[in-house]
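Morning, everyone. Let me put the chain up on the screen and walk you through it.

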Amino acid sequence: MKNLTQQLVEREAAGLYRRRRIVEGPQQPPMVVDGRAVLNFCSNDYLGLANHPKLITALQQGAERYGAGSGAAHLVSGHSRAHHQLEEELAAFTGRPRALLFSTGYMANLGVISALLGPGDAAFEDRLNHASLLDGALLSRARLSRYAHADASALSAQLAASKAQHKMVISDGVFSMDGEIAPLPPLAEAARQHDAWLMIDDAHGFGVLGERGAGTLEHFGVGEEQVPVLMATLGKALGSFGAFVAGSESLIETLINHARPYIYTTAMPAAQAEVSRAALRLLHEEAWRREQLRSSIHYFRNGAAQLGLPMQDSPTAIQPLMVGSASEALRLSEALYQDGLWISAIRPPTVPEGSARLRITLSAAHDQEQIAQLLEALDKHLNRRQSAP
Ligand SMILES: *Cc1c(COP(=O)(O)O)cnc(C)c1O
């Protein structure tokens with residue numbers, strides 16, 4: 001037997017130990033966490049919808065109509081009118097024939113990749129893809145090749161060298177730990193040239209990017225022909241929970257019939273689907289939230305540049321501050337927390353060795369004063385360390 005305690009001690013010594021903090025109350029910028037008042041700069045609630053009164057009402061009314069639990073999987077008795085309406089609305093919003101709800105984004109990625117690929121096939125994934133996309137390829141037992149980050153010509157070379165029967169290129173739309181936007185047009189061109197499918201996981205673009213908030217595809221003006229498999233989540237910018245895949249009739253029917261993480265799990269509560277429906281309406285009714293987020297990103301990046309902070313070149317709500325060592329990232333995160341700023345330290349294996357970072361996330365719910373407070377604290381802990389008492 002492995003010595004679990006010994007393993008944990010070693011993990012702690014390497015600065016890699018993970019701990020949860022306990023939150024009181026809803027997601028919003030000012031929070032009480034482990035008994036301390038802090039400003040939250042690490043949530044994925046990019047539009048500030050998770051605590052929106054209309055979403056709370058949708059949950060309450062959904063529970064009154066459908067009850068608390070869904071009772072069974074979608075293929076048994078759990079597929080409610082609310083789930084079905086949400087799927088139709090997601091299909092219409094993404095401009096695709098069909099959409100299919102999954103209980104979580106993690107499960108959607110496992111389900112899609114393992115339903116579409118098998119032994120003898122090949123998955124081509126960006127080096128910085130989210131863990132769930134890598135796990136999906138492992139579950140499928142297809143051959144997994146990882147290409148250099150955002151490098152369509154490296155991808156092309158790997159596709160050209162592959163003799164696999166079916167090939168699928170898979171990428172984050174917005175990279176979850178870096179905030180960069182994937183170069184969809186050249187990725188789509190490489191996939192087309194080599195007769196491969198392209199799948200985009202738009203967990204961090206959906207709701208935020210594009211004129212209507214339809215995400216990274218809308219940002220680039222690419223559609224279903226270039227990206228036949230679109231996956232996105234409902235628990236980040238939409239402030240709800242769950243995920244979906246959108247695409248052709250035959251794609252969705254294949255998933256319903258073959259995606260094990262779809263088939264063998266209880267449907268999310270119908271009331272939660274009502275929350276997502278309300279959030280989709282808010283993308284349209286409160287389009288100002290995307291504008292507000294953009295101006296917060298602009299304000300933060302200007303301030304960070306003036307302070308000479310080592311920011312990555314990210315145009316999105318995800319603003320990583322590169323640190324390097326895991327222990328140093330953890331120490332900085334802890335020091336900022338003591339000053340009332342909650343920013344998580346992202347360490348390996350979530351990011352490559354030597355690239356631990358503070359992952360700062362901005363939201364439409366932050367005001368300028370809160371961002372100014374963040375900048376001041378970053379200046380204190382990163383630039384004025386020596387002179388601090
Ligand atoms: C968060 C995330 C997921 C998982 O979605 P959940 O609904 O939280 O399970 C998948 N892919 C990416 C890129 C993510 O950031």
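Just after α1, Gly-15 takes a positive phi of about 75°. Helices here are DSSP runs of H or I with at least four residues, strands are runs of E with at least two, and both are numbered from the N terminus. Before going on, a note on the source: this is a predicted model, where local features need pLDDT of at least 70, side-chain atom pairs count only at pLDDT 80 or more, and totals for chains, interfaces and linings use all residues. Residues are numbered from 1 along each chain as its sequence is written, and side-chain values use heavy atoms, with hydrogens and water left out.

Back to α1, residues 4-13. Asn-3 caps its N-terminal end, with a side-chain oxygen 3.2 Å from the backbone nitrogen of Thr-5. That is a polar contact: a pair of N or O atoms within 3.5 Å. Within protein, one atom must be able to donate a hydrogen and the other to accept it, and residues adjacent in sequence count only if both atoms are side-chain atoms.

Two loops deserve a stop. Most residues other than glycine have a negative phi, and most peptide bonds are trans. Asp-34 is not a glycine, yet its phi is positive, about 50°. Asp-34 sits in the loop between β2 (30-33) and β3 (36-40). Then Pro-348 and Pro-349: a cis peptide bond joins them, omega about 5°. Pro-349 is in the loop between β13 (344-346) and β14.

**Two domains**

The assignment gives domain 1 (21-47 + 287-387) and domain 2 (53-285). Those bounds come from an automatic or database domain assignment. The domain centres, over C-alpha atoms, are 27 Å apart.

How many residues meet? 20 residues of domain 1 contact 23 residues of domain 2, contact meaning heavy atoms within 4.5 Å. About 1500 Å² is buried between the domains, and carbon and sulfur atoms give 58% of that. Buried area is the accessible area (1.4 Å probe) that two parts lose on being put together, summed over both.

Across this interface the rule finds eight residue pairs in polar contact, both residues at pLDDT 80 or more. On the domain 1 side, α13 (288-307), β11 (318-324) and β14 (356-361) each give two or more residues. The largest share, three residues, comes from α13.

The rule also finds one salt bridge across the interface: a side-chain nitrogen of Lys or Arg within 4 Å of a carboxyl oxygen of Asp or Glu.

**The ligand**

Polar side-chain atoms of His-204 and Lys-236 lie 2.5 Å and 2.6 Å from an oxygen atom of the ligand. For His-130, a side-chain N or O atom is 3.4 Å from a ligand nitrogen.
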